[in-house]
Structure formats: structure tokens, C-alpha cells
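Subject: Structure handover

Hello,

Here is the structure for you to open alongside this note. My findings follow below it.

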Amino acid sequence: MTIHEIENGVQTTNTLSNNLGAKITKFGIGGIYVAMTIIYLWFGGMKFTSYEANGIHGFVSNSPLLSWMYSFLSIQGFSNFLGVLEISVGLLIAARVFSPKLAILGGALSTGLFFTTLSFMLTTPGVFEASLGFPAISVVPGQFLLKDLGLFVVSIFIVGTSLTALEHKTK
């Protein structure tokens, strides 16, 4: 297995199995898949509780992308739907062990979910802390939502690494 790196504008190839940095990178990539699986399974499972359903209500009800769903689903019904979706995404990401195609789907769905939660930064009251001026954001919901930027990018990474694995598999 090789990784291409750009060093001083020149493309080089290093063997992943021989250097410490590559071993740490490989561990980190596996860690990303495990962490995202745990996050999705845990968060998805919580969606079946009234505690979580009521906790996300403020985000969903203020979102033009999602608030319409409350016209035909109850607060708990929407949360249950989201729970099924999140658990499915977690399982698709975990499936990377045997199927890069499934992980691509999981990563793509995850990217969409985190894009949606990032949009809550613009629609949820109380995100920005007016008393401190721009760019201050509140702890909740501001900083709580901003961390999804990292998870959004990790989701894109999952799509990319899974696609790369699939491309190598078909060669």
C-alpha cells in the first residue's frame, strides 16, 4: 500500500508499512470509521427517547429544510425517523470493513446530515452571542452546532477513502 505526498512541489511515494507517521495515519483512518460508527449508533439510539426528541425540536422547528416534516410527523415520530436514519448511516460506515460501496453511501448520507445540522447555525435562535459581538457564538446552541463542521469534513473523508479503496479493488 502506498501514499502519495507532495513535498516541496515534487510528488513522491512512501511505503505505508515502514514509517511511524504512516502507521499513525493508518490507525487514525481506522479510528475515524470506528468513532463515526459509535457516534451514529449512540445518537441514533437516543433519538427514540422523548428526551432527545424534545431536545432536537428547537433545531428542527426553526429549520426551513426540516420544519415541514412536523406537518405529518409528531415530534417523537420525526425523532424516530431520524434515529433509524442515523443508525443506518452508522452501520453503512461500519460496513467499510467488507464493502467500500456501502461506506461511500454512509459517508454521503453523513455529509448530507451534517450539512443540514450546520444550516441550523443560520436558523436557530441564540447561536450568536450579541453581547460579545461578532464572531462570538453561544456555548449552546452555537458551539454545539459548530463542532459539526469537523464531522462534516470527516464524512467527506469517509467518502474519499472508501472511493479510493473501491478504485484500488477494481484494478
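Which residues of the largest nonpolar core touch the most other members? They are M36, Y40, F78 and I93, out of 25 residues in that core. A nonpolar core here is a set of buried Ala, Val, Leu, Ile, Met, Phe, Trp, Tyr and Cys residues joined through side-chain atoms within 4.5 Å. Buried means under 20% relative accessible area, exposed means over 50%, and partly exposed is in between (1.4 Å probe, protein chains only). Five helices each supply at least two residues of this core: α1 (20-46), α2 (50-61), α3 (75-94), α4 (100-123) and α6 (148-169). Helix α4 gives the most, with six residues. Helices (H or I, at least four residues) and strands (E, at least two) are DSSP runs, numbered from the N terminus.

Before you go further, note how the values were made. This is a predicted model, in which local features need pLDDT of at least 70 and side-chain atom pairs count only at pLDDT 80 or more, while totals for chains, interfaces and linings use all residues. Residues are numbered from 1 along each chain as its sequence is written, and side-chain values use heavy atoms, with hydrogens and water left out.

Overall layout

The protein chain has six helices and two strands. Along the sequence the pattern is β-β-α-α-α-α-α-α. The C-alpha trace spans about 55 × 40 × 25 Å along its principal axes. Of the 171 residues, 36% count as buried. The chain exposes about 10,300 Å², and carbon and sulfur atoms supply 71% of that area. Accessible areas come from the Shrake-Rupley method with a 1.4 Å probe; for residues, only the protein chains shown count as cover. Among contacts with a separation of 6 or more, 59% are between residues 24 or more positions apart. Contact means heavy atoms within 4.5 Å.

Annotated spans

The unreviewed UniProt entry carries the annotation "transmembrane region" for residues 27-48, 68-95, 102-124 and 144-166. UniProt positions are in the numbering used here, feature names are shortened, and annotations may be inferred rather than shown by experiment. In the model, residues 27-48 are 91% helix and 0% strand, with end C-alpha atoms 32 Å apart. Residues 68-95 are 71% helix and 0% strand, and their end C-alpha atoms also lie 32 Å apart.

Around M36 and I38

Look at M36 again. Leaving aside neighbours within four places in sequence, M36 contacts I93, S110, F114, L151, V154, S155 and I158. I38 lies in helix α1. I38 is partly exposed, at 44% relative accessible area. With V34, W42 and F43, I38 makes a nonpolar surface patch of about 440 Å². Patches are made of residues with over 30% relative accessible area and no salt bridge; like charges are joined within 9 Å, and nonpolar side chains (Val, Leu, Ile, Met, Phe, Trp, Tyr) within 5 Å.

Salt bridges

How many salt bridges does a search of the whole structure find? There are three. A salt bridge is a side-chain nitrogen of Lys or Arg within 4 Å of a carboxyl oxygen of Asp or Glu.

- E52 pairs with K47, the closest N and O atoms being 3.0 Å apart. E52 is buried at 18% relative accessibility, and K47 is buried at 4%.
- K47 also meets E86, at 3.2 Å from N to O. K47 sits in the loop between α1 and α2 and E86 in helix α3, so this pair ties together parts that are 39 residues apart in sequence. E86 is buried, at 9%.
- D148 pairs with K147, with the closest N and O atoms 2.6 Å apart. D148 is buried at 4%, whereas K147 is partly exposed at 35%.

Shared partners join K47, E52 and E86 into one network.

Cis peptide bonds

Most peptide bonds are trans. Two places to check are given here. A cis bond joins F134 and P135, with omega about 10 degrees. P135 is in the loop between α4 and α5 (139-146). The bond from V140 to P141 is cis too, with omega near 15 degrees. P141 lies in helix α5.

T123

T123 lies in helix α4 and is partly exposed, at 24% relative accessible area. Not counting residues up to four places away in sequence, T123 touches N62, S63 and P64. The C-alpha atoms of T123 and K169 are separated by 43 Å, and the two residues are 46 residues apart along the chain.

Best wishes
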